[in-house]
Amino acid sequence: MAALVLAGVAGCARRDAAPVAQPRYMIGAPYQMGGLWSYPREDFGLEESGLAVVAADTRAGRRTTNGEVHDPTSLSAAHRTLQLPAVLAVTNLETGLQVEVRVNDRGPENPGRVVALSRRAAELIGLRPGGVAQVRIAVVGEASRAFAAGLPNAEAPPLEIAAAPLGEVGRENLAPPPGATQAAQLRQARQFPGAGQSGAAMSATTGTAPPLRLPERVTRVPARPGQLWVELATFSRRDLADRQAARLSGLRARVDVLGGRGRGVQPSYRVRLGPFNTVAEADRALEGTLRAGVSEARLRVD
């Protein structure tokens with residue numbers, strides 16, 4: 001009986017133990033969420049605008065998509081298509097507050113939202129749970145590449161490279177030539193790669209991932225709230241843009257001409273709906289566009 005009780009206690013302890021973080025670098029396969037298919041891809045230069053929300057799951061301890069342990073007090077986020085993890089600079093266009101977060105999960109489930117922020121990250125830029133905020137997000141390339149270089153990647157296992165055989169090499173010590181001090185400095189730089197670099201740059205050089213928990217650094221930039229639009233697609237030919245707009249004539253789609261003012265510069269043609277005065281109006285327009293079969297439509301701030 002005592003043995004059974006001890007075994008039961010041990011089993012409960014194992015079940016109640018906190019999960020161990022096993023972070024990895026990943027892109028992942030296409031998936032469906034919120035009735036919409038998403039196609040993850042690696043992008044170290046992504047910049048986009050839209051609406052941010054607070055992640056619905058505020059419980060600590062669950063495992064994120066890339067194997068980390070969710071912590072609502074850390075600066076983390078969810079994005080539908082970015083590589084995991086990636087570092088994002090998130091700017092609240094309504095308050096001008098900006099913070100860097102680490103994307104380690106998939107979401108938001110609502111296709112009309114561009115990013116879901118952890119409770120703490122949202123708090124730092126003035127976004128309350130249950131609300132939305134106009135934001136601009138931009139990948140921080142250096143820090144994101146450091147994570148890509150320093151974390152294990154099961155999707156792309158390392159290649160096995162055999163060393164070439166070495167022949168006998170003769171060596172002779174010579175007197176230091178002029179400029180020996182500079183040469184010694186170069187040798188030291190080779191022995192200690194990344195000297196003088198930032199932490200993220202050194203991590204990308206040495207293949208060691210930076211710390212997962214980002215520091216809480218909030219900066220302030222000019223607040224620049226914009227108008228809400230539903231963007232469908234951008235075409236290189238006017239007839240293709242007009243054709244898509246005609247499919248959505250009931251939603252009052254419009255075609256905007258972009259660029260093409262310089263000599264030899266070809267314009268492009270963007271199809272979109274709006275502007276909308278409220279989030280509810282923009283959401284209804286996006287829902288109608290998705291129902292019409294335009295799966296690439298997204299809600300943007302301009």
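Trainee: Is Asp 71 buried, exposed or partly exposed?

Mentor: Relative accessible area decides this, with buried meaning under 20%, exposed over 50% and partly exposed in between (1.4 Å probe, protein chains only). Asp 71 has 24% relative accessibility and therefore counts as partly exposed. The model is a predicted one, in which local features need pLDDT of at least 70 and side-chain atom pairs count only at pLDDT 80 or more, whereas totals for chains, interfaces and linings use all residues. Residues are numbered from 1 along each chain as its sequence is written, and side-chain values use heavy atoms, with hydrogens and water left out.

Trainee: Which side chain meets that of Asp 71 in a salt bridge?

Mentor: A salt bridge is called when a side-chain nitrogen of Lys or Arg lies within 4 Å of a carboxyl oxygen of Asp or Glu. Here the partner of Asp 71 is Arg 213, at 2.9 Å from N to O. Because Arg 213 belongs to the loop between helix 5 (199–206) and strand 9 (219–220), and Asp 71 to the loop between strand 3 (47–54) and strand 4, the pair ties together parts 142 residues apart in sequence. Arg 213 is itself partly exposed, with a relative accessible area of 49%.

Trainee: How many salt bridges does the rule give, and which residues are linked in a network?

Mentor: The count comes to 15, and the network of salt bridges links Glu 231, Arg 254, Asp 256, Arg 270, Arg 272 and Asp 302. Within it, the closest N and O atoms of Arg 270 and Asp 256 are 3.8 Å apart, and both of these residues are buried. Arg 272 and Asp 302 meet at 3.1 Å, N to O; this pair joins strand 12 to the segment after strand 13, 30 residues apart. Arg 272 is buried, with a relative accessible area of 6%.

Trainee: How should I read helix 7, and which of its residues are buried?

Mentor: Helices (H or I, at least four residues) and strands (E, at least two) are DSSP runs, numbered from the N terminus. Helix 7 (residues 279–291) buries Ala 282, Ala 285, Leu 286, Gly 288 and Thr 289. These residues cover an arc of only 160 degrees around the axis, taken from the directions to the C-beta atoms, which puts them on the same side of helix 7. The face turned away from that buried side carries the exposed Arg 284 and Arg 291.

Trainee: What do the buried residues of helix 7 pack against?

Mentor: With contact meaning heavy atoms within 4.5 Å, they pack against strand 10 (228–235), strand 12 (268–276) and strand 13 (298–301).
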